[in-house]
Structures are given as C-alpha cells and as structure tokens.
Amino acid sequence: MKNKYLQDHSRTKKILKVIGFTALPLGGILGVVGLIDFFEGFSPSGGNFSNPYHFPEPEGPDLFYLIFIGMALVFIGLACLSYAYMGKVARYTSSEMAPVVKDTANYLIDGTKNEVAGLVSKIKNNLLICPYCGDSNDLDSIYCDACGNKITKKCLCGQENNADSKYCKKCGREL
Ligand SMILES: [Zn+2]
Ligand SMILES: [Zn+2]
C-alpha cells in the first residue's frame, strides 16, 4: 500500500519533470518568437507586402498571444519543476530521517526491553529461593546458606535442578 503510493507519487513527479522540462524551453522559445514578432511588427517593412490591400494587419494580438502562451508555459514549467524537486528534497529528507527515527526508537525499545529482560532474568536466575525458608541463595548454591537444607535436586542425568523443580531442566525427567 505504502510502496504503491510512493510509486504513484514518484511517477507523478516524473510526469511533472517531463512537463516542466518541456514547458520551460517551449515557453522560452514562444516568448522569444513573440518578442521577435513584436519587434518585426513595428518595423516598417513588416506586413505591408504580405497585405496587398494595405489593411492594417493586427500584429498586436498575435504577438501578445505568443508571449502570454510562452509566459504561461514558463510559469507552468517552473511550477512543475519546483514541485517535482521540492518533492524530491522532501522525500530525500524523509528517507534520511525515517531510518534515524526508527533506529532511535528501536534502540530505545531494545534497550528498555533488554534491560527489563536482564533484570527479570537476574531475579529469576541469579537467585535461588530456598523452598524451606524462602531465603535467596546464589545460583550455584547446593545448600541454603540460611537453613542448611539442600536446595537442589540432582537428576539421574547428573543435572542439578532447583529444589522446587518438578522436571529436570536438562533432560525433562520427572524429579
Ligand atoms: Zn533455606
Ligand atoms: Zn535430568
């Protein structure tokens, strides 16, 4: 959905660029032609021979038409190009910014997640709660340092398990 939008978006930009690069020089040419017509229209030799009846040829609307078209095309071209390149800049900025924001968010989330997970595993694993007196012992303790009871269950496979374990953590055998 998002990719399709971006694709359509970039296609629009491409079209705008094509229009811009076509309209801009075309408008310039039309403007120049209009200006040439404008100056030729005022030259004494212009038009008189082509008009056998010496009817005053309306040069004005002709040249103004061209100049207006040229100006409009230049304006459209500039608008299209500025929009197309503004979009590119915006897209570049967002594509540069998005991963940074994403990474920062991920970093924060991961950091928090790891910290919490570490804290939980620390509580869960680094402390061995004696099932007889409730005292916390080191993970590698075999006997409780508060009451002296054996706080590990040795499985037949040789694995030491917590005293309250029901199954061996290594082989799954019932303890
Ligand atoms: Zn104990
Ligand atoms: Zn076992």
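In this predicted model, lysine 153 is partly exposed, because 16 other C-beta atoms lie within 10 Å of its own, and a residue counts as buried at 20 or more and as exposed at 12 or fewer. Lysine 153 sits in strand E3, which covers residues 152-154.

Which residues is lysine 153 in contact with, leaving aside its neighbours within four places in sequence? They are Asn161, Ala163, Ser165 and Leu175. For serine 165, the separation from lysine 153 is 12 residues in sequence, and the C-alpha to C-alpha distance is 7.6 Å.

The protein as a whole has 2 helices and 4 strands. Along the sequence they follow the order α-α-β-β-β-β. The protein has 175 residues, of which 10% count as buried. Taking contacts between residues at least 6 apart in sequence, 38% join residues at least 24 apart.

The mean pLDDT of the protein is 76, and 69% of the residues score at least 70.

| Element | Residues | Confidence (mean pLDDT) |
|---|---|---|
| Helix H2, lowest | residues 59-125 | 72 |
| Strand E3, highest | residues 152-154 | 84 |

Notes:
Residues numbered from 1 in each chain as written. Chains lettered and ligands numbered in written order. Predicted model: local features only at pLDDT ≥ 70, side-chain atom pairs only at ≥ 80, totals over all residues. Contact = placed C-beta atoms within 7 Å. pLDDT = per-residue confidence, 0-100.
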